[in-house]
Amino acid sequence: LDAEGRKNLDLLGSRVKRMQNRIEGGLEYSRVGRIREDMEMVDFNSLVKEVIDSLSPPEHIRISIDANLPVIRFEKTRARQIFANLIGNAIKYMDKPEGEIHIGCTSSGDSWTFYVGDNGPGIEARYYEKIFQIFQTLHPRDQVESTGIGLTIVKKIVEMYHGRIWVESNVSMGSIFYFT
């Protein structure tokens with residue numbers, strides 16, 4: 001093949017991979033709520049550290065965790081999915097040479113409010129709802145590879161447990177994702 005043929009094959013390969021990721025993401029989304037695991041006491045301090053280790057953040061991103069994350073009864077796999085998607089997005093979209101991600105939690109009576117904040121690019125307010133819709137992304141596929149399913153899965157899990165999720169953000173200063 002000439003250079004043009006190789007370029008077209010590479011393009012085809014990347015589009016096939018993108019389609020495979022979308023199919024897998026769609027299947028993962030459809031399984032949320034249908035496949036349940038036993039509820040157990042989950043130590044969120046340990047769980048968040050495990051998630052961070054599995055994501056292997058680059059050295060230019062510093063991640064801090066409040067020491068007061070609770071131990072609560074929850075599905076461990078679902079908790080992992082929530083934090084893997086939120087922390088993974090903060091890593092993936094980080095545009096600063098010295099990235100910072102902070103994870104914490106506050107108690108308000110009978111519920112917990114967790115948050116994952118970063119100093120990344122931020123999100124314009126007009127996109128706050130769009131980012132939680134399936135297959136929606138804010139960046140062109142040639143800039144950042146994304147299925148547009150992660151935040152949709154997080155929202156589905158949170159709402160399955162009668163919680164809510166929202167974002168507060170300042171463009172170019174960062175975002176904080178909250179969920180109860």
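Lys155 is partly exposed at 26% relative accessibility (buried means under 20% relative accessible area, exposed over 50%, and partly exposed in between, with a 1.4 Å probe and protein chains only). The model is predicted, so local features need pLDDT of at least 70 and side-chain atom pairs count only at pLDDT 80 or more, while totals for chains, interfaces and linings use all residues. Residues are numbered from 1 along each chain as its sequence is written, and side-chain values use heavy atoms, leaving out hydrogens and water.

Lys155 takes part in a salt bridge with Glu159, at 3.8 Å from N to O (a salt bridge is a side-chain nitrogen of Lys or Arg within 4 Å of a carboxyl oxygen of Asp or Glu). These two residues sit 4 apart in helix H4 (residues 150-160), a separation of about one helical turn; helices (H or I, at least four residues) are DSSP runs, numbered from the N terminus. Glu159 is likewise partly exposed, with 42% relative accessible area.

In total, the structure holds 6 salt bridges. Another of them joins Arg80 to Glu50, with 2.9 Å between N and O. Arg80 belongs to helix H3 (residues 76-92) and Glu50 to helix H2 (residues 44-55), so this pair ties together parts 30 residues apart in sequence. Arg80 is partly exposed at 31% relative accessibility, and Glu50 is partly exposed at 38%.

The pair of Arg78 and Glu75 has a buried setting: Arg78 is buried at 8% relative accessibility, and Glu75 is buried at 1%. Their closest N and O atoms are 3.9 Å apart, forming a salt bridge.
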